[in-house]
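Please open the model in your viewer and keep the selection panel at hand. The stops below are to be taken in order.

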Amino acid sequence: MGTVFKRDVARALSDATLKTAIDRTTVTAERKRAAALTDYPQFAAARERGTRIKDHVVAHLDHYLLEFERNATASGATVHWAADSEEACRIVLGICRGAGARRVTRSKSMLGEEIGLPHALEAAGIERVETDLAEHIVQLAGETPSHIIWPALHKTREQVSALFKASHRDPHKTEDVEAMVESARRELRDRFLSAEVGISGANFLVADSGAVCTVTNEGNAELTTTPPRVHIVTAGIEKLVPSLAHAFVLLRLLVRSATGADLTQYTTFHCGPKRPGDLDGPQEFHIVLVDNGRSRMLADAGLREMLRCIRCGACMNHCVVYRQIGGHAYGATYPGPMGAVLTPALQGAEKARDLPHACTLNGRCQEVCPVGIPLPALLRGWRDRSWKDGLVPQSVRSGLWLWRFAAERPRLYHLGTAAAVRAMRLFRRGGWIGRMPLAGAWTRYRDFPAPAGRTFMEQLRDRERGR
Amino acid sequence: MPHATPAPEPRSRPRVGLFVTCLADAIRPRLGFAALSLLEAAGCDVEVPRAQTCCGQPAFNSGDTQGGAALARRTIAAFEGCDHVVVPSGSCAGMIRAHYREALADDPAWLPRAEALAAKTHELLSFLADYRGWRPQGVALAASATYHDSCSGLRELGILDQPRALLREVDGLELRPLTGNDVCCGFGGTFCVKYPAISDAIVKEKAVLIEASGAQLLLGGDLGCLMNMAGALHRRGSAVRAFHAAEVLAGMGNGPAIGEEE
């Protein structure tokens, strides 16, 4: 089973620096989230409420989309609808060309990554300036994000320092984070002001006002969306909330789950273009509402709950698999448990075959999810489809078939296990088996405890006869 | 053996079906006998239905829902005559309690039977502690131990305090905290052989934390996870010995640990 996934996993597992980088961020994130929850006793109630809000919106998506469009249009924004990633990119490029853009600034947006916007802009010959610090790092390195909250999580600060020194015009002289941030600021600041178009994502789309909410910690979103003449928002249609009050319920859940802070440094509501008398703001404000498989998920009982996701990243921070292999091995925009559910929906189950299977189903992700998405059940749902669609490898199918054949026949099963434990004991050294045919996947890494000479059922029968 | 009065039971001695689990049956029969003697000590009449094999979880979690359902029907038929079904594994008990109804969701004839069985199925340690009010008496083991909470028991069945409450009553046993006691060990059933390199990376981290606890013994409530952790500990030359908590509670903690010769 030499899949691309397994190859990338092997590469990730052999990269000690990557593991250091993953641990530095995820361990801190886990600790801060736990501390934030102890200071927020209403969390459980908020989680319940957040879940209900998202379920309500998802169940009435058509209603809220139209309400949002009506109110956004009334505020002076232009609303566009994109069925898939290609159409979304086409719309964005069309707006950029219309604005005569040679340079666009972009603040972090996972939806932008999902629809391939960075690539589309480059292919169109438009200079793309990533303004989020981590996205800037990822852009300099020619990579893709490895985490939905910290795109450059896979890099240590030492690696970032080397990258800045090799790429920045006037790099930092001292090895502290502040100096490195200054270096990026010097590099980026003039570009912020010279872009014709700024592109952002959205954390929430507020239906009753037509406002778009973004949360950041660096202030780059504000510099991306305010100075350029044109501001484009690309957002998934599941980002809707009925009102500002609902946005705040989810905002409290989002920020605590993501970074463990009470609030992000910047929480901005963008509502329409610059009006007469406004001191600043874009002259054109476009909102591209992207479906890209979401309405299909809405119609699918096995995936609908995934539309609750508010992209906090807690599931991956707490995932034992993510914490070993990092984000890139998932081979998609969204890594970790939420990515393992979303990617087969976005890329097709065949291409993403491994993802739902490469999970121990330990349930931690569901436990920390701020909107209670039953991620293990959704992953198991993909496994079920994968089995039905014949995507499970033949070796696994044959093994399980044989197991089931015997397990459905208790007499045969008990004879078979009695014989099997005797055969296994031929390979033992003392109480352990270090190597054994058909067990290489186990014994390559771990020793296997040798079974006792006779099964429980055999021993029990003997005991009962002896009575 | 003395035990607390089982007030909520309709009969003074409930008929308990012991689901040994396929792993304990084949690899560690001692665990099956430990469960048997604990249940008897807790005032139960124990039956071991011979028609039991595997709960079906490997098939169900591999996506073979039909295969899982077929084994679920077998298990239901074998055990539905008992007052309770008790399993020395949170994972297999979780399969019956939480997932049989999913596996048989499309089978109107079997779904009610699946739900009835789910309602009376219990993981062993929580059954002893919560349903029988049993506590070990006169059990001694001079050792230090740390406890790993297996994920299915912890998150599907809410088992956290029960094993500790029982183990605290063992004379001479010192329980030491384990950092990351609620973090998956990387076993994950078939996961550990489908993605062995990832599983290995996870269990190696776990092994380091187990050693850092300074305990002589690793205890847990799921044989699969224990075999994974014990096998990783042994491969790295660790002296930590692993037992299922039921073995210690049944006074078998002086016997061979997982991977030691009988």
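This is a predicted model: local features need pLDDT of at least 70, side-chain atom pairs count only at pLDDT 80 or more; totals for chains, interfaces and linings use all residues.

Residues are numbered from 1 along each chain as its sequence is written, while chains are lettered from A and ligands numbered from 1 in the order in which they are written.

**Domains of chain B**

Select residues 15–130 of chain B for domain 1 and 138–249 for domain 2; the bounds come from an automatic or database domain assignment. Taken over C-alpha atoms, the centres of these two domains of chain B are separated by 22 Å. Between them, 29 residues of domain 1 are in contact with 22 residues of domain 2, contact being defined by C-beta atoms, placed from the backbone, that lie within 7 Å. On the domain 1 side, helices H1 (22–26), H2 (29–41), H3 (57–61), H5 (90–103) and H7 of chain B each supply at least two residues. Helices (H or I, at least four residues) and strands (E, at least two) are DSSP runs, numbered from the N terminus.

**Strand S3 of chain B**

Next, select residues 84–87 of chain B, strand S3. B:His84 and B:Val86 point one way, B:Val85 and B:Val87 the other way, and all are buried; buried requires 20 or more other C-beta atoms, placed from the backbone, within 10 Å of the residue's own. S3(B) pairs in the parallel sense with strand S1 (residues 15–18) of chain B over three bridges, where pairing requires at least two DSSP bridges.

**B:Val139**

Move to B:Val139, in the loop between helix H7 (124–131) and strand S5 (140–147) of chain B. Why does B:Val139 count as buried? The reason is that B:Val139 has 20 C-beta neighbours inside 10 Å. Leaving aside neighbours within four places in sequence, its contacts are B:Val170, B:Asp171, B:Leu249 and B:Gly251. Display also B:Glu169, whose C-alpha atom is 7.8 Å from that of B:Val139, although the two are 30 residues apart along the chain.

**The interface with chain A**

Finally, show both chains: 57 residues of chain B are in contact with 51 residues of chain A. Helices that each supply at least two residues of the chain B side include H4 (65–79), H8 (151–157) and H12 (223–235).

Terms used. A residue is buried if 20 or more other C-beta atoms lie within 10 Å of its own, exposed if 12 or fewer, and partly exposed in between; C-beta atoms are placed from the backbone. Two residues are in contact if their C-beta atoms, placed from the backbone, lie within 7 Å.
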